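Hello,

Here is the structure I promised to pass on to you. Have a look at it first, and then read my notes below with the model open beside them.

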Amino acid sequence: MQATLNIHRFVDGKKWVQTYKVEVQTGMTILGALTEIKEKQDPTLSFACSCRSSICGACATRVNGNAELSCEVLVEDLMKRYRSEELTIEPLGNFRVIRDLVVDWDPKYARIKKIRPVVHPKDEFSAEKGCLQSPADFNKYKKLAGCILCGSCVSECNKNALNEDDFLDPFAFVKALKIATDTRDKDAKDHVKAAIDAGLWACFNCQECTAKCPKGLDPAGAIEKLKALSFQYKLDDNVGARHAKAIYDDIQESGTLDESKLNIKSEGFLAAGLRLPMALRLMNVGKMNPMEKHPVNPEIKTIDAVVKAAEAAEKEEV
């Protein structure tokens with residue numbers, strides 16, 4: 001069986017798509033196919049790889065528009081998924097491309113520093129005694145340590161694609177939650193504050209980072225947990241937190257959203273006033289009536305029970 005690989009090339013500022021054909025062997029991965037092309041067809045093709053064991057994350061690329069760990073995903077499986085013998089391979093999105101499928105990680109590594117990604121030991125610890133931790137406390141963040149910095153979450157992040165200047169990369173928020181939940185650290189609040197300053201509340205909640213993580217982590221969930229911690233540490237004096245609280249209060253009190261007052265509760269009267277033209281357009285087409293009494297959902301008791309059950313489950317998880 002033969003596969004056709006359309007590979008995005010980038011050399012010295014020039015871009016083009018080059019087509020290669022490879023004989024698909026049993027167990028051949030995308031990385032295996034790229035290696036065969038480089039060794040037998042075109043030595044100029046550039047891509048990154050290291051461990052070839054789904055550990056280092058260096059070989060992540062995009063296949064048919066989706067981030068994949070190329071040493072892990074099989075060519076044959078992808079052909080079945082897309083029902084085609086033709087696959088398009090390109091570098092990860094939201095990175096500067098250096099050459100072909102190789103992207104520049106240096107700016108991303110530098111941005112991690114914004115969330116102060118190191119444990120600041122509690123005063124009870126010392127160089128002599130070390131920083132001992134119980135297995136139960138370690139298990140609170142163990143899964144978060146599974147991030148291999150492959151960049152798949154960044155590649156598919158819609159917020160990063162729109163504007164990365166006011167929003168940190170998803171894996172950085174995973175790192176922030178890991179440190180903030182490490183019981184050996186004495187500055188959890190500062191790590192959460194740093195995450196907020198790095199754009200925590202700007203997340204679109206599109207879930208693409210979680211959907212594309214090859215290690216089964218939940219960057220979107222990590223962002224939500226950091227938001228919850230921001231309330232716990234009284235770091236909720238910002239538009240994002242007020243917006244979330246306004247929605248929560250509406251749902252709890254009436255079971256529905258009072259959208260006519262949502263912006264006022266989130267941004268305050270002055271900032272909300274700047275949205276008056278939009279409000280007038282909504283009122284004109286019957287989408288909003290601030291004079292109308294906000295109705296209470298007839299299923300409010302059921303909604304309240306769901307909210308309480310969710311809160312209980314969250315406490316149990318913690």
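**Salt bridges across the chain**

Let's start with a charged pair: Glu 164 and Lys 108 join their side chains in a salt bridge, at 3.2 Å from N to O. Glu 164 sits in the loop between α6 (158-162) and α7, while Lys 108 belongs to helix α3 (residues 106-112), so this pair ties together parts that are 56 residues apart in sequence. Please keep in mind that this is a predicted model.

Are the two partners buried or exposed? Glu 164 is partly exposed, because its relative accessible area is 30% and "buried" means under 20%. Lys 108, at 4% relative accessibility, counts as buried.

As background, side chains of opposite charge can pair when their charged atoms come close.

A second pair to find is Arg 116 with Asp 190, whose side chains form a salt bridge at 3.4 Å, N to O. This pair also links distant parts of the chain: Arg 116 is in the loop between α3 and α4 (135-139), Asp 190 is in helix α8 (residues 188-197), and they are 74 residues apart. Arg 116 is partly exposed, with a relative accessible area of 32%, and Asp 190 is partly exposed as well, at 36%.

Lys 261 is partly exposed at 37% relative accessibility, whereas Asp 258 counts as buried at 11%.

Which residues are linked in a network of salt bridges? They are Arg 9, Asp 42, Arg 99 and Asp 100. The count for the model comes to 24 salt bridges.

**Helix α7 and its neighbours**

Now turn to α7, which is mostly covered: 10 of its 11 residues are buried. Among the buried ones are Phe 171, Ala 172, Lys 178 and Ile 179. The buried residues of α7 pack against α3, α5 (152-155), α6, α8, α9 (208-212) and α10.

Helix α7 (residues 170-180) packs with helix α10 (residues 219-232) at an angle of about 50°, and their axes are 8 Å apart. That angle makes α7 oblique to α10. The crossing of the two helices is left-handed. On the α7 side, the contact is made by Pro 170, Phe 173, Val 174, Ala 176, Leu 177 and Ala 180. On the α10 side, the residues are Pro 219, Ala 222, Ile 223, Lys 225, Leu 226 and Leu 229. Sorted by class, the contact of α7 with α10 has 11 nonpolar residues, no polar ones and 1 charged.

When you look at lists like these, remember that an α-helix has 3.6 residues a turn, so residues three or four places apart point the same way.

**Helix α8 against α10**

Helix α10 also packs with α8, at an angle of about 120° and with the axes 10 Å apart. The crossing of α8 and α10 is left-handed. Here, Val 192, Ala 195 and Ile 196 of α8 meet Leu 226, Leu 229 and Ser 230 of α10. By class, the contact of α8 with α10 has 5 nonpolar residues, 1 polar and no charged ones.

Enjoy exploring, and do write back with any questions!

Best wishes

Methods:
Residues numbered from 1 in each chain as written. Predicted model: local features only at pLDDT ≥ 70, side-chain atom pairs only at ≥ 80, totals over all residues. Heavy atoms only, no water. Axes fitted to C-alpha atoms, helices over the stretch in contact; angles between N-to-C directions. Helix = DSSP H or I, 4+ residues; strand = E, 2+ residues; numbered from the N terminus. Parallel < 35°, antiparallel > 145°, perpendicular 65-115°, else oblique. Left-handed = near helix turned anticlockwise from the far one by under 90°. Contact = heavy atoms within 4.5 Å. Nonpolar A, V, L, I, M, F, W, Y, C, P; charged D, E, K, R; others polar. Salt bridge = Lys/Arg side-chain N within 4 Å of Asp/Glu carboxyl O. Buried < 20%, exposed > 50% of the residue type's maximum accessible area, 1.4 Å probe, protein only.
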